[in-house]
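Please look over the chain and its fold below before reading on.

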Amino acid sequence: MCNPQRVWVLGAGSMGSGIAQLAAQAGHAVCLYGAQAPAIERAMRAIAADLDGAVSRGKLSAEQRQDILARISPSSDLAAGQGSSIVIEAIVGDLSAKQALLRSVEALVDEDALLLSNTSSISVTAIAAALRHPERMAGWHFFNPPARMKLVEIIPGVQTATSVAEVLQALSLAWGKTAVVAPHAPGFIVNRVARPSYYAEAWRLLAERAAPASVIDTLMQQAGGFALNEAADLVNWNAVRSADIDVAMRLGMAYPRGPLAWGQTLGASRVFSVLRHLFDHYGDARYRIAPKLSNAHWSGVALDV
């Protein structure tokens with residue numbers, strides 16, 4: 001039988017090392033796998049440095065720091081994690097690479113072990129398609145740095161067993177995280193809402209020399225209503241609960257308010273008017289108006305989220 005307390009993290013980059021640290025802080029024995037020894041060494045140095053900072057700030061004692069480090073066993077041998085009950089893949093964002101690694105690991109763990117991916121945008125259902133038991137695979141998306149960011153997205157695939165999502169809810173809470181259940185479509189919640197309206201729009205403004213980077217960043221921090229349109233689309237298609245979207249954007253993107261709450265304050269007609277002007281001017285599909293937002297504008301009824 002697998003060890004119910006052992007976590008196997010695949011990938012020794014910034015996300016993998018951060019997840020390993022988080023699991024160790026939660027009391028788990030952790031196997032941290034990296035294909036190259038130098039990457040593992042860097043990961044362990046990064047974990048130690050972060051824990052040193054926690055000690056200096058009075059968040060941990062020196063003894064607690066040592067205990068956490070002692071619970072992490074780094075290895076470049078894939079077989080070292082055999083017998084773990086929780087496997088978390090955190091390697092490069094390539095579907096084929098994720099499928100190949102998890103397929104190899106599946107043969108090294110018991111059938112009741114969880115196979116999880118920290119993917120931020122790749123379809124969980126597509127990753128699971130390569131496995132013999134796709135029902136035990138799900139997405140568990142942490143935000144960087146994992147030890148500090150409070151949000152985690154749980155992404156059940158089409159074949160994921162209901163019990164897996166329930167276990168992840170409990171684990172997230174035990175690890176000090178706020179969990180939201182996201183749709184299994186690529187992008188989930190935060191990246192789907194933020195990338196077109198937050199990252200991409202900011203870079204376009206910079207490329208067009210509309211304002212200096214510092215001004216753009218300040219505006220993005222203080223005006224989150226621009227993300228309402230994509231958020232309203234998710235609600236419109238019953239892909240996710242509106243409350244989860246606002247929680248995800250507050251905790252995952254440090255919004256002072258969620259985009260849907262912001263939209264209710266601004267009013268549907270105001271946001272509709274801005275988007276229609278942008279669409280008429282640029283003719284770009286990124287400014288298309290979500291049906292839920294359009295309906296609220298034309299009916300004169302408050303945006304119901």
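## The nonpolar cores

Which residues have the most contacts inside the largest nonpolar core? This core has 47 residues, and those with the most contacts inside it are W8, L10, V87, V105, M137 and I245. A second, separate core of 37 residues includes I47, I72, F142 and A165. A nonpolar core is here a set of buried Ala, Val, Leu, Ile, Met, Phe, Trp, Tyr and Cys residues joined through side-chain atoms within 4.5 Å, where buried means under 20% relative accessible area, exposed over 50% and partly exposed in between, with a 1.4 Å probe and protein chains only. In soluble globular proteins, nonpolar side chains tend to be buried together.

Leaving aside residues up to four places away in sequence, M137 touches L102, L115, L116, S117, V124, I127, A128, L131 and T160, a contact being heavy atoms within 4.5 Å.

## Basis of the model and overall make-up

The model is predicted, so that local features need pLDDT of at least 70 and side-chain atom pairs count only at pLDDT 80 or more, while totals for chains, interfaces and linings use all residues. Residues are numbered from 1 along each chain as its sequence is written, and side-chain values use heavy atoms, with hydrogens and water left out.

The protein contains 13 helices and 8 strands, which are DSSP runs numbered from the N terminus (helices H or I, at least four residues; strands E, at least two). Of its 305 residues, 49% count as buried, and among contacts between residues at least 6 apart in sequence, 67% join residues at least 24 apart. The protein exposes about 14,000 Å², of which carbon and sulfur atoms supply 54%; accessible areas come from the Shrake-Rupley method with a 1.4 Å probe, and for residues only the protein chains shown count as cover.

Helix 1 (residues 14–25) is largely enclosed by the rest of the structure, because 10 of its 12 residues are buried; among them are M15, I19 and L22. Its end C-alpha atoms are 16 Å apart, which agrees with the 16 Å that its 12 residues should span at 1.5 Å a residue, the expected span being 1.5 Å times one less than the number of residues. Just after helix 1, G27 takes a positive phi of about 100°.

The second largest pocket has a volume of about 310 Å³. Of the 21 residues that line this pocket, the closest to its centre are M15, N118, S120, H141 and F142, and the elements that give two or more residues to the lining are helix 1, strand 6 (137–142) and helix 7 (190–207). On a 1 Å grid over the protein atoms alone, a pocket is an open set of points where a 1.4 Å probe fits, with protein on both sides within 12 Å along at least five of seven lines, and lining residues have an atom within 4 Å of a point. Grid points are joined across faces, edges and corners, and the volume is the space filled by probe spheres set on the points.

## Single positions

P145 is found in the loop between strand 6 and strand 7 (151–156), and the peptide bond from N144 to P145 is cis, with omega near 0°.

A97 lies in helix 4 (residues 95–106) and, at 26% relative accessibility, counts as partly exposed. E166, in helix 6 (residues 162–174), counts as exposed at 52% relative accessibility.
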